[in-house]
Amino acid sequence: MSQNKPNPTVNKSTGLPRKRFYRARAHSNPLSDSHFPVPLSPSHVDYSLHYPQLFPLADRTDTCKKIEFADVGCGFGGLLISLSTLFPETLMIGMELRDKVTEYVKERILGLRVANPGQYQNVSVVRTNSMKYIPNYFEKGQLSKMFFLFPDPHFKEKNHRRRVISPHLLDEYAYVLQVGGIIYTITDVEELGEWMKSCLQNHPMFEPLSETELEADPIVKLLNTATEEGQKVARNGGQTFQAVYRRITPAS
């Protein structure tokens, strides 16, 4: 018998994973304990595991090139894949709590690297709880962009503490963002959109981008189209609510 049986989880024509084999619950409790390795500090993040072509040895963050973009709750990786070719010189990583979804994104990136030699080497994904471990992955002022696309709304008031945008968590995001760095948020839930905008508006270390800046930013155009959630909203004729803010130095 042949030992080279086709892998049903991989699309034979594209070499990419089939999403239906990696489906998981849409929502996870970010406050529950999960079991996965977490680096002790940003200096313990092994870049050779995430970007093997760029860091062939077990180089860590003692290199001058570091991760600059973080997609928090990256889902199936649509935004990451789009950003990878738009910013080919920028290291970026997706942070996802669900294990099956994280595995899908890993396989998707590996498949794209094989099918497109030299491309998608700057993008990776890690299974982690970003609400707990952001400081374990990034140094002060390391990031230039953070993305929070269609996060879990946690509708019940008692569960608002689980929301990934909150006054407390914005303190952490402000710490890892460089001055001038940008937070991008989008949702199709109006109440959550107002919540995220209010949190950012009331935080002393963030200011909104102007309409002119939003129109000139190529990433803003991807917020509605790059992700599975955004595409679903568009198909259904739904409305989205964005809040895009810049990290600033607070007035003394």
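Guide: Helices (H or I, at least four residues) and strands (E, at least two) are DSSP runs, numbered from the N terminus. The model is predicted, with local features needing pLDDT of at least 70 and side-chain atom pairs pLDDT 80 or more, while totals for chains, interfaces and linings use all residues. Residues are numbered from 1 along each chain as its sequence is written, and side-chain values use heavy atoms, without hydrogens and water.

H6 comprises twelve residues, 190-201, and spans 16 Å from first C-alpha to last, close to the expected 16 Å (1.5 Å times one less than its number of residues). Leu192, Gly193, Met196, Cys199 and Leu200 of H6 are buried, that is, under 20% relative accessible area with a 1.4 Å probe, protein chains only. Down the axis of H6, these buried residues fall within an arc of 130°, so they line one face of the helix; the arc is taken from the directions from the helix axis to the C-beta atoms.

The largest nonpolar core has 35 residues, of which Met95, Phe138, Met146, Tyr173 and Ile183 touch the most other members. Such a core joins buried Ala, Val, Leu, Ile, Met, Phe, Trp, Tyr and Cys residues through side-chain atoms within 4.5 Å. Among the elements giving two or more residues to this core are H5, S5, H6 and S7, and H5 gives the most, with five. Beyond its neighbours within four places in sequence, Ile183 has contacts that include Leu200, Phe206 and Val244.

Notes
Buried < 20%, exposed > 50% of the residue type's maximum accessible area, 1.4 Å probe, protein only. Contact = heavy atoms within 4.5 Å.
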